[in-house]
Amino acid sequence: MQPALDTVASWARDWKVQASASKCCFTTFTLDPKECGGKVVPTLKFSGEPLRYDPNPTFLGITFDDQLTFSSHISSLKDRMAKRRQCLQALAGKTYGAHRKTLRTAYITYIRSVFEYGAAVYFTHASPALRAKIETEQNRCARIITGCILPTNRAALLAEADLPALTVRAKELAATEASRIARLPAEDRAKQLLERDPRPRLKYRAHEAWKRACAQAAEEGRPEPALPDEDALLPHKPCIRRVGQWTLREAGVSDCPAEPFLRVSPEPPWSAHQGSVTFIVDLPTTTRRTDPPDKRREAAERALAALPAPDCSIWSDGSAAGGTSNGGGGAAIILHRENDRRIECLAAAGTHCSSTRAELVAVREALKSLASLPADSLDAIKEIRLCTDSRASYAHMRSRLWGGPLPSLGHVLGGSATLIFEYLRRVGRVDPPVDAATAVAAPAATA
């Protein structure tokens, strides 16, 4: 390691980069019981200054240890989730308590999000005993959400709260990350690392214990014991590569071709046409899904009547079966300058896709068909109106691809729960107020 540090120090000197050795540290990763736990600490220097040894360094929010068990990180994570759980407890007060759906949303966005950061890496690799520590915190939050008592069966508790077990959630995140990396260019180092097939070295103790239990049950004539966890089927130590690929195989999508990522410009395509591209997402009359169709149709027609007369109208729509599979999109293009000539286009969105992607495919195909028109038809088009019923696709373009405001926890909670949470945040208390009137009046008194 010292020659590598000397090479980095030499490069820093050549390029006039000054590094602070006092802010740097190092650790060692080993499974040798004679060396782990700081029993053997090498002496390393950077530019002549000694480097500090840290047995549990934190890098990008993940705390490491010398055996990569992530025990220190999970212990810290458990404490952070427990501290945030107190806010959820305050929101669930008896006199002013929020609705179950609101509590579930608050848990997912405010508490479970702490767990999800990096869970595809650390939680898939952690031992079942360490996973149980975090599962306990989710079970406590589920009792707050549902009001179930302590002896409630864990599976029934999570089903009542409509929450997956965190081990299942970690597998979903690992599969999502594996599919995302598979879409990267071939020269990307992350993709090369994921597709590498190293020889497994570490056996999975949970798998070995389950196999022994199965053998003992067979000798005694008992039924085969249940798996302690789904990944206990893996004979070797789980990791993000192994769990992600196994989850995709179990889902039946491992053989599906991965569509490469679309390389988009850092600037929105409409930025070069300031003032000539307008997004309208609100109707002059507020409507709801539960309103009668005639009322919603009237509101839509009033909104369209208030717009300038277009030279071309595009009506797009897309859908996927169950919102996840066999998606497709289509669009109708009406050329008003050519006696309302109608052009229809259809396109498949993929065997596995979301409804939002199907909507975006419909918009894409409509614009491609419009761009392929003869020059004389294009010259006659000055104003285009594109109508879609997918607000999610609009949000995807404005907020995800080219940035935009993200919702705060107050927006997620909504209603009177926002006042309660804001009050708790200001005064720094975790116990619920005396009554509902105090919760509403306190923000004005402390402003």
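How many cavities of 30 Å³ or more does the count come to by this rule? I took a cavity as a set of points on a 1 Å grid over the protein atoms alone where a 1.4 Å probe fits but cannot get out. The count comes to two cavities of 30 Å³ or more.

I worked on a predicted model, in which local features need pLDDT of at least 70, side-chain atom pairs count only at pLDDT 80 or more, and totals for chains, interfaces and linings use all residues. Residues are numbered from 1 along each chain as its sequence is written, and side-chain values use heavy atoms, with hydrogens and water left out.

**Entry: cavity**

I looked up the volume of the largest cavity and found about 50 Å³, a volume being the space filled by probe spheres set on grid points joined across faces, edges and corners. Its lining (residues with an atom within 4 Å of a point) consists of Phe123, Thr124, Arg131, Thr167, Ala170, Lys171, Asp231 and Val243. Helix 4 (119–125) and helix 7 (166–182) are the elements that give two or more residues to this lining; helices here are DSSP runs (H or I, at least four residues), numbered from the N terminus. Helix 7 supplies the largest share, three residues. By class I noted three nonpolar, two polar and three charged lining residues, with Ala, Val, Leu, Ile, Met, Phe, Trp, Tyr, Cys and Pro as nonpolar, Asp, Glu, Lys and Arg as charged, and the others, Gly among them, as polar.

**Entry: helix 7 and helix 10**

I then examined the packing of helix 7 on helix 10 (residues 240–251): the angle is about 90° and the axes are 8 Å apart. Helix 7 is therefore roughly perpendicular to helix 10 (65 to 115 degrees). The axes are lines fitted to C-alpha atoms over the stretch in contact, and angles run from 0 to 180 degrees between N-to-C directions. On the helix 7 side I listed Lys171, Ala174, Ala175, Glu177, Ala178 and Ser179, which meet Ile240, Val243, Gly244, Trp246, Thr247 and Leu248 in helix 10 (contact: heavy atoms within 4.5 Å). The residues of this contact divide into seven nonpolar, three polar and two charged.

Leu88 lies in helix 2 (residues 71–91). Why does Leu88 count as buried? Its relative accessibility is 3%, and buried means under 20% relative accessible area (1.4 Å probe, protein chains only). Leaving aside residues up to four places away in sequence, I found Leu88 touching Leu103, Ala106, Tyr107, Ile111, Cys141, Ile144 and Ile145.

Ala106 belongs to helix 3 (residues 100–116) and counts as buried because its relative accessibility is 5%.

Methods:
On a 1 Å grid over the protein atoms alone, a cavity is a set of points where a 1.4 Å probe fits but cannot get out, and a pocket is an open set with protein on both sides within 12 Å along at least five of seven lines; lining residues have an atom within 4 Å of a point. Buried means under 20% relative accessible area, exposed over 50%, partly exposed in between (1.4 Å probe, protein chains only). Angles under 35 degrees count as roughly parallel, over 145 as roughly antiparallel, 65 to 115 as roughly perpendicular and the rest as oblique.
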